[in-house]
Amino acid sequence: MSGILLPTLSKKKEVDSIIRDTLDKLLVLRFGRPSDPICLQLDDILFKTSHEVSKFAAIALVDIDSEEIQVYVKYFDISLIPSTIFFFNAHHMKMDSGTADHTKWVGSFHRKQDFIDVVEAIYRGAMKGKLIVSCPLPPERIPKFQLLFKNL
Amino acid sequence: MEKEKKKKQKQKQKQKRQFEFCKVCKLNHDQGRGHIYFPNHKKSLSSFLSRFLSNLSELRSFLKNPSSLTPHHALQNGLWCVFCDSNISELHSSFACENSIKHLAGAEHLNNVREFLRKYGGGMDRVDSFRVSESDLDKWEKNCKSLKNAASSSSEGSFVHLSRPSKDIHYKLNSVTTDRFEKTSNFSFKSSFSNSVMPLQCNTNESYQVSHPEVTRVANSAAVPYDAVPLSMSTHRNMDVPGMSTIESAAGHHTVCMESQHACFSNSRGSTATSFHNDSWSFTQIGRLPEEPIANVYSGAPPPWLEMGEESGINLGATKDLHMNDVVSHSDQSHKSRKLNPKRVGAAWAEKRRIELEREKRGEIAANNCDDSWLPNFGRVWQAGTRKESRKEFEMEKQRLFNIENTSEASIVIQPYKSKKAVSSTTPKILL
């Protein structure tokens with residue numbers, strides 16, 4: 001449902017253009033596949049909040065199984081799905097949420113307001129010229145995961 | 001004790017002071033007489049008076065050269081006398097600024113001016129600059145009388161012309177040209193229609209004939225014949241002077257400076273310009289003259305912006321779209337860049353990209369002209385250092401992967417098995 005209503009990108013060119021052409025707005029890219037249950041949950045939250053954050057954020061879904069997207073999957077080091085990556089004016093925005101990976105948000109959110117808070121925190125940080133912001137959510141509502149160093 | 005008494009008296013005085021309105025500063029104040037010495041008051045007073053003086057300057061030009069007033073212009077004219085707080089309309093006056101001049105010369109106005117200057121400052125010695133002196137009034141009245149006489153003695157046609165409502169809506173131009181008359185050349189107008197017959201005013205109606213016997217030129221002869229162009233074209237066009245060259249007729253009767261010709265041409269597109277087509281005219285034509293009479297609003301043709309064929313309709317739609325986009329993006333840009341923090345992340349990039357997008361919309365550069373290998377800056381998970389480095393690293397990795405794949409593919413070249421016997425049997429044949 002949400003996959004139909006939010007733009008779903010399956011080509012590298014589309015991802016390129018959406019990163020390049022989203023100006024002065026936070027771009028939220030969700031890397032995942034619609035068959036994954038956690039991914040579906042995240043998609044649902046993204047879709048429901050997409051209107052509320054539409055003034056300062058744009059949300060797009062990226063199909064991780066697409067052939068052309070693999071270059072991004074490798075480049076963004078996506079090993080777990082769903083992974084959400086934030087861009088502002090074609091600059092990658094990081095967030096320190098106490099997990100191993102600052103470059104992306106891995107997993108879903110507990111509720112809509114959590115996602116709105118995160119997007120707002122990153123947007124405000126970006127408007128102040130910061131490339132990394134700290135997570136506004138309490139640690140118990142941040143999904144935990146473990147990264148293996150260079151997949152070893 | 002005495003000091004206290006004085007203080008109390010002062011306080012009482014202060015309390016007694018009432019608020020009064022200063023119409024120069026347009027504010028209520030309780031500063032009493034001292035108000036007029038405040039610099040703000042002085043500033044606004046000088047601008048207030050200079051504004052009125054500038055209004056009077058036009059009037060003074062008419063005072064020197066009285067001219068008749070068409071009823072059409074009478075409606076537009078009028079003066080607001082700031083000293084008497086009254087509006088002087090020119091509704092029933094037969095000469096330009098007649099009522100105003102009479103008002104400014106009146107005793108009531110003089111009293112009001114004096115009172116104003118006493119109340120708001122500004123120097124009593126300036127009274128004369130805000131009124132018309134009696135000697136000036138006398139001169140003006142004399143001139144008017146002579147004008148009237150001249151008008152009555154001249155041909156009736158001119159009166160027909162005067163009584164007609166002119167099509168001129170550019171009254172401002174009119175006053176400008178009259179100013180130029182005064183500045184550039186020495187003309188004395190005794191004719192009643194000297195000022196009223198202006199290039200734009202001339203009726204295109206061809207039924208009347210006018211001659212201008214009263215207008216004489218005080219010779220200031222430098223380059224006059226060349227500079228001289230007829231003031232009213234239709235008049236000259238309809239004059240029955242078969243052998244006379246236009247320049248002569250122009251110089252002999254009615255001349256204006258070249259500038260006013262410019263003004264005439266630039267302002268007249270339809271009627272006057274077309275009526276200018278006459279065999280006797282040999283001037284260089286400034287401004288474009290239509291070869292054929294173009295259908296205009298008088299002939300009931302639709303306005304040019306409503307005329308569109310199929311193509312132009314499409315084009316119009318497209319351009320409108322583009323224009324709208326442009327406008328939106330422009331306003332967006334100006335609005336946003338004003339509002340947004342210039343130090344935000346990627347501000348320079350956003351500006352650059354926005355300009356690029358605008359150009360893409362206009363079709364100046366091809367859309368989506370980025371490389372296939374374009375990647376955004378990305379800080380990788382295990383990356384220390386700048387974000388550009390992570391891209392370089394990734395590209396290096398890709399290159400390495402590509403190389404490995406290539407070498408592995410090259411190493412595993414599958415060859416069909418050939419027995420040694422077959423090899424040995426084929427080689428001698430080749431040798432043979």
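**Note on salt bridges and the A–B interface**

1. A network of salt bridges links A:Asp21, B:Arg353, B:Glu356 and B:Glu360. A salt bridge here is a side-chain nitrogen of Lys or Arg within 4 Å of a carboxyl oxygen of Asp or Glu. The model is predicted: local features need pLDDT of at least 70 and side-chain atom pairs pLDDT 80 or more, while totals for chains, interfaces and linings use all residues. Residues are numbered from 1 along each chain as its sequence is written, chains are lettered from A and ligands numbered from 1 in the order in which they are written, and side-chain values use heavy atoms, without hydrogens or water.

2. Within that network, A:Asp21 and B:Arg353 pair across the two chains. Their N to O distance is 2.5 Å. The interface of chain B and chain A holds three salt bridges by this rule. Side chains of opposite charge can pair when their charged atoms come close.

3. The interface also has nine residue pairs in polar contact, both residues at pLDDT 80 or more. A polar contact is a pair of N or O atoms within 3.5 Å; within protein, one must be able to donate a hydrogen and the other to accept it, and residues adjacent in sequence count only if both atoms are side-chain atoms. On the side of chain B that touches chain A, helix 15 (347–362) and helix 16 (387–411) each supply at least two residues. Helix 15 of chain B gives the most, with seven. Helices (H or I, at least four residues) and strands (E, at least two) are DSSP runs, numbered from the N terminus.

4. What is the class make-up of the side of chain B that touches chain A? There are 14 nonpolar, eight polar and twelve charged residues. Nonpolar covers Ala, Val, Leu, Ile, Met, Phe, Trp, Tyr, Cys and Pro; charged covers Asp, Glu, Lys and Arg; the others, Gly among them, are polar.

5. Chain B brings 34 residues to the contact and chain A 37. Contact means heavy atoms within 4.5 Å. The area buried between the chains is about 3300 Å², with 60% from carbon and sulfur atoms. B:Val345, B:Phe378 and B:Trp382 supply 23% of the area that chain B buries against chain A, more than any other three residues. Buried area is the accessible area (1.4 Å probe) that two parts lose on being put together, summed over both.

6. Over all chains there are 20 salt bridges. One of them joins A:Lys112 and A:Glu52 at 3.4 Å, N to O. A:Lys112 sits in helix 5 (residues 112–127) and A:Glu52 in the loop between helix 3 (37–50) and strand 3 (57–63), so the pair ties together parts 60 residues apart in sequence. A:Lys112 is partly exposed at 31% relative accessible area, and A:Glu52 is partly exposed at 47%. Buried means under 20%, exposed over 50%, and partly exposed in between (1.4 Å probe, protein chains only).

7. A:Arg124 and A:Glu120 form a salt bridge at 2.9 Å between the closest N and O atoms. They are four residues apart in helix 5 of chain A, about one helical turn. In chain B, B:Arg344 bridges to B:Glu351 at 3.9 Å. B:Arg344 is buried at 6% relative accessibility, whereas B:Glu351 is partly exposed at 26%.

8. Chain A has five helices and seven strands. Buried residues make up 53% of its 152 residues.
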